[in-house]
Amino acid sequence: MSSPAPVTDWVNDFDHTDPRWTENPYVIWDELRAEHPVAHTNRFLGVYLPTTYEAVKEISYDTEHFSSRRVVVRNVRPEPPPPAPPITSDPPAHKHAKQILLTPFLPDAVKKLEPRVRAICNELIDGLINDKSCDAAARYTKRIPIRAITHMLGVPEKDGDLFIRWVHEMLELGVHDDNMVMKAIREMVAYFAEQIESRKKHPTDDLISTLMNARGEDGQPLTDTHVQGALRLLLVAGLDTTWSAIGSSLWHLAQTPADRARLIAEPELLPTAIEEFLRAFSPATSGREVMKETTVCGCPMKPGNTVLLSFPAANRDPAVFPDADKVIIDRKENRHVAFGVGIHRCVGAHLARMEMLVAIEEWLKRIPDFRLDPTSEIKWSEGSVRGPRQLPLLLGKG
């Protein structure tokens with residue numbers, strides 16, 4: 001498989017997998033936003049990219065012209081797309097599909113999970129606190145949501161390594177390799193089919209059983225296909241985004257000792273800082289498919305194209321956020337859309353916020369002094385989710 005041609009004209013030929021985008025997309029979004037609120041490329045079979053807050057919101061709310069059935073922009077568009085309700089569902093089916101998932105992610109349910117997440121964080125810190133350096137992505141940020149979701153699903157913790165591989169194959173390698181995506185989906189289908197069959201014989205009280213016991217709008221149990229799709233959603237859409245957000249937060253604090261010192265001195269400021277980290281380092285970009293011809297912010301948009309719905313770019317729009325390129329941990333007005341906007345606003349937002357807050361809180365309690373390791377490379381993920389895949393830190397006072 002040949003590598004895509006390098007981008008020479010971001011305004012008319014962008015590529016969200018180009019190494020320069022992967023390394024630093026913010027300057028690219030600034031360039032695009034200054035030229036036009038909606039850019040277009042012929043790559044990936046034709047893609048529009050809104051970079052303003054206004055354009056992103058308009059498309060998010062317009063379910064008549066834009067379908068959510070394709071949420072990852074890739075080089076191929078299978079028919080029909082593999083369903084992962086509710087994120088791939090459109091009205092009217094979307095509403096009930098989302099309601100099914102709401103209860104396990106409501107604030108009260110998340111609060112009950114917090115002690116387990118706090119214990120996970122401290123167990124992970126126990127394993128690295130005596131080291132002089134560590135890859136915080138591999139040994140901390142990635143492991144927190146993985147261990148939390150295995151706990152919620154009621155599956156062996158060791159299976160988290162499978163989940164990490166599937167996420168990588170679906171969201172990064174699979175952007176240019178459809179065989180990789182289909183391989184991951186087949187393995188996920190087989191894995192969850194086995195879990196579902198096991199619970200039919202021996203019911204449990206975990207999240208898989210919750211979905212199996214749910215009812216569709218017709219009052220009948222959900223099909224195994226629906227349950228499978230929802231479980232894939234929880235893995236693919238929920239894990240990478242959260243560990244990326246935690247990792248980006250640590251990356252910022254590692255190179256900003258003033259913010260680190262202030263959060264240690266004023267721990268009550270941490271929830272506000274988390275919202276700013278979510279705005280400044282929003283991990284998730286979602287796809288849409290243009291279903292009917294329309295115009296957004298003066299840009300004609302035609303069926304047969306997809307949309308790269310960049311919530312991170314919207315959150316860097318200086319028309320909405322003063323000093324949008326600065327991380328201001330006590331920012332008062334913060335109407336960020338890191339979790340999306342409209343009917344598809346992330347169902348796991350409460351869980352992600354809790355995991356971020358606990359992860360940063362426990363780290364700062366026990367490792368107040370840390371910095372980036374100048375001898376090692378930081379590696380960022382490629383594709384629709386942005387976060388550090390390799391985060392080398394030096395621990396302790398330098």
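Helix H8 (residues 143–153) is largely enclosed by the rest of the structure, because nine of its 11 residues are buried. Buried means under 20% relative accessible area, exposed over 50%, and partly exposed in between (1.4 Å probe, protein chains only). Helices (H or I, at least four residues) and strands (E, at least two) are DSSP runs, numbered from the N terminus. The buried residues of H8 are Ile144, Pro145, Ile146, Arg147, Ala148, Ile149, Thr150, Met152 and Leu153. Just after H8 comes Gly154, with a positive phi of about 75°.

This is a predicted model, in which local features need pLDDT of at least 70 and side-chain atom pairs count only at pLDDT 80 or more, while totals for chains, interfaces and linings use all residues. Residues are numbered from 1 along each chain as its sequence is written, and side-chain values use heavy atoms, with hydrogens and water left out.

Next, the sheets. Five strands form an open sheet in the order S1-S2-S8-S5-S3, with mixed pairing. Strand S1 (38–41) and strand S3 (66–67) stand at the edges; each has a single partner strand, so one side of each is left without a neighbour in the sheet. Two strands pair if DSSP finds at least two bridges between them. S1 and strand S2 (residues 47–50) run antiparallel and share four bridges. Within this pair, Val38 stands opposite Pro50 of S2.

Helix H4 (residues 53–61) lies across S1, S2, S3, strand S5 (285–290) and strand S8 (306–310). The helix runs at about 125° to S8. Axes here are lines fitted to C-alpha atoms, for helices over the stretch in contact, and angles run from 0 to 180 degrees between N-to-C directions. Contact means heavy atoms within 4.5 Å.

The loop between strand S7 (299–301) and S8 holds Lys302. At 41% relative accessibility, Lys302 counts as partly exposed. Lys302 touches Tyr48, Val290 and Glu293, not counting residues up to four places away in sequence. Met291 is 11 residues from Lys302 along the chain, and their C-alpha atoms are separated by 7.8 Å.

A second open sheet has three strands in the order S4-S12-S9, with antiparallel pairing. Its edges are strand S4 (133–135) and strand S9 (370–372), each with a single partner strand, so one side of each is left without a neighbour in the sheet. Neighbouring strands of this sheet are turned by 30° against each other on average, direction ignored. S9 and strand S12 (residues 392–395) are joined by three bridges. Phe370 has Leu395 as its bridge partner in S12.

Now turn to the loop between helix H1 (10–13) and H2, where His16 lies. His16 is buried, with a relative accessible area of 2%. Leaving aside neighbours within four places in sequence, His16 is in contact with Trp21, Phe44, Val73, Val175, Leu308, Gly383 and Ser384.

A cavity is a set of points, on a 1 Å grid over the protein atoms alone, where a 1.4 Å probe fits but cannot get out; lining residues have an atom within 4 Å of a point. The count comes to two cavities of 30 Å³ or more. H3 gives the most, with three.

Note on methods
On a 1 Å grid over the protein atoms alone, a cavity is a set of points where a 1.4 Å probe fits but cannot get out, and a pocket is an open set with protein on both sides within 12 Å along at least five of seven lines; lining residues have an atom within 4 Å of a point. Grid points are joined across faces, edges and corners, and a volume is the space filled by probe spheres set on the points.
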